[in-house]
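Below is a short report on salt bridges in one protein model. The structure comes first, and the text follows.

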Amino acid sequence: MSTASLFSVPLDRPMISFELYPPRTPKGEASLQRTVGELAAASPDFFSITYGASGSTRATSRELIRRILAETEVTPIAHLTCVGASEEDLGEVVGDLLDGGVRDFLALRGDPPEGQPDWRPHPNGLSRASELVELLRRIEAQRFGTDHRSDRRSPLSISVAAYPGGRHDVTGQPVVGVNDVAALLAKQEAGADFAITQLFFDVGNYTELVERARDAGVHIPILPGVIPLTDPSRLQRLSGLTGVPVPTDLLAHLESADTEAERYRRGLRASVDLLREVLDAGAPGLHVYTFNSSRAALDLLDGAGLRGAGARARASLDSPTIGKVDHV
Ligand code: FAD
């Protein structure tokens, strides 16, 4: 089931998906296998699989995708970045994934490698995610003889990134002069089917992004990315990686809990509240950043009464009433 087509049918439940990253150690690999099984049993609509800087996880990302395709009924989305790769290299990676049965991609520019402050493309590479979307559409046309602009159902589904609250540098400062909505529009014009957002802590960041995007002519669905807020040290690490500042009152609330169990309960409560607010605001579903752990991700769905939503969503995909549906 193509991920783009999930957005074209009337669903009576929110779409649910999970992000996974490839394992870094043999121990991580064994526990990821369990996690994939537990998350797959919740019938999500898709998994998305991250891709390390400069293609550093190319083999492990590919292997995780292969396992998901072979061992589950869940569609995997392969993340791809432009970092350190020529256009030819990228064509090879995409060809390899297509040969393995992958039809769903998340096209990203990627971050500069560690220690390099500014973004520099490979001399024969791509500079922006929109160019990667164009490359994917060109490969699609060559390989399948289709034109996504005229074919109602393109063989490939292409998603892209969006940023509620704007972009931040790793110190948490907003990056000025960045026109994110222009970037999103360019990605849509290049052929993106939908966007998945960076994590955020305030529903207002999501609704404001959607409003600005719609005003600028972006019509593709914008799926909010959410994280379980159960682990304050992880939140701080993530903040360092993404630059998205963690609200100090949330951190204080979590850190002042007397026990680990109480901290988890508070974090889960805060996550479920955010998730409900986002859905109430009209989001088409939720993309949960799992950090390769099923417990908090599934507790989050249970807390919001969403476990199994994907299975119900897929059942309605079998109905003949396929048409365009408006999402925020
Ligand atoms: P782009 O959309 O190309 O934007 C890059 C810069 O160019 C931005 O400043 C943007 O504003 C500007 N820009 C682009 N087009 C225009 C335009 N037309 N007009 C004006 N400005 C423009 N990174 C990884 O390395 N691996 C992953 O697996 C990964 N997964 C991610 C998943 C999600 C859901 C998200 C939100 C991010 C992920 N990232 C990942 C991080 C991402 O690679 C970085 O945030 C990166 O810095 C930007 O990528 P992008 O695709 O948004 O870039």
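Predicted model: local features only at pLDDT ≥ 70, side-chain atom pairs only at ≥ 80, totals over all residues.

Residues are numbered from 1 along each chain as its sequence is written, and side-chain values use heavy atoms, with hydrogens and water left out.

The whole structure holds 15 salt bridges, each being a side-chain nitrogen of Lys or Arg within 4 Å of a carboxyl oxygen of Asp or Glu.

| Pair | N to O distance |
|---|---|
| Arg 62 and Asp 96 | 3.5 Å |
| Glu 262 and Arg 266 | 2.9 Å |
| Arg 295 and Asp 299 | 3.8 Å |

Arg 62 pairs with Asp 96. This pair links distant parts of the chain, with Arg 62 in helix H3 (residues 58–71) and Asp 96 in helix H4 (residues 87–99), 34 residues apart. Helices here are DSSP runs of H or I with at least four residues, numbered from the N terminus.

Exposure is given as relative accessible area: buried means under 20%, exposed over 50%, and partly exposed in between (1.4 Å probe, protein chains only). Arg 62 is buried at 18%, and Asp 96 is partly exposed at 32%.

Glu 262 and Arg 266 both lie in helix H10 (residues 260–280), four residues apart, about one turn of the helix. Glu 262 is partly exposed at 23%, whereas Arg 266 is buried at 19%.

Arg 295 and Asp 299 are also four residues apart, in helix H11 (residues 294–303), and about one helical turn separates them. Arg 295 is exposed at 52%, and Asp 299 is partly exposed at 23%. Elsewhere, salt bridges with shared partners join Arg 137, Glu 140 and Asp 193 into one network.

Terms used. Helix = DSSP H or I, 4+ residues; strand = E, 2+ residues; numbered from the N terminus.
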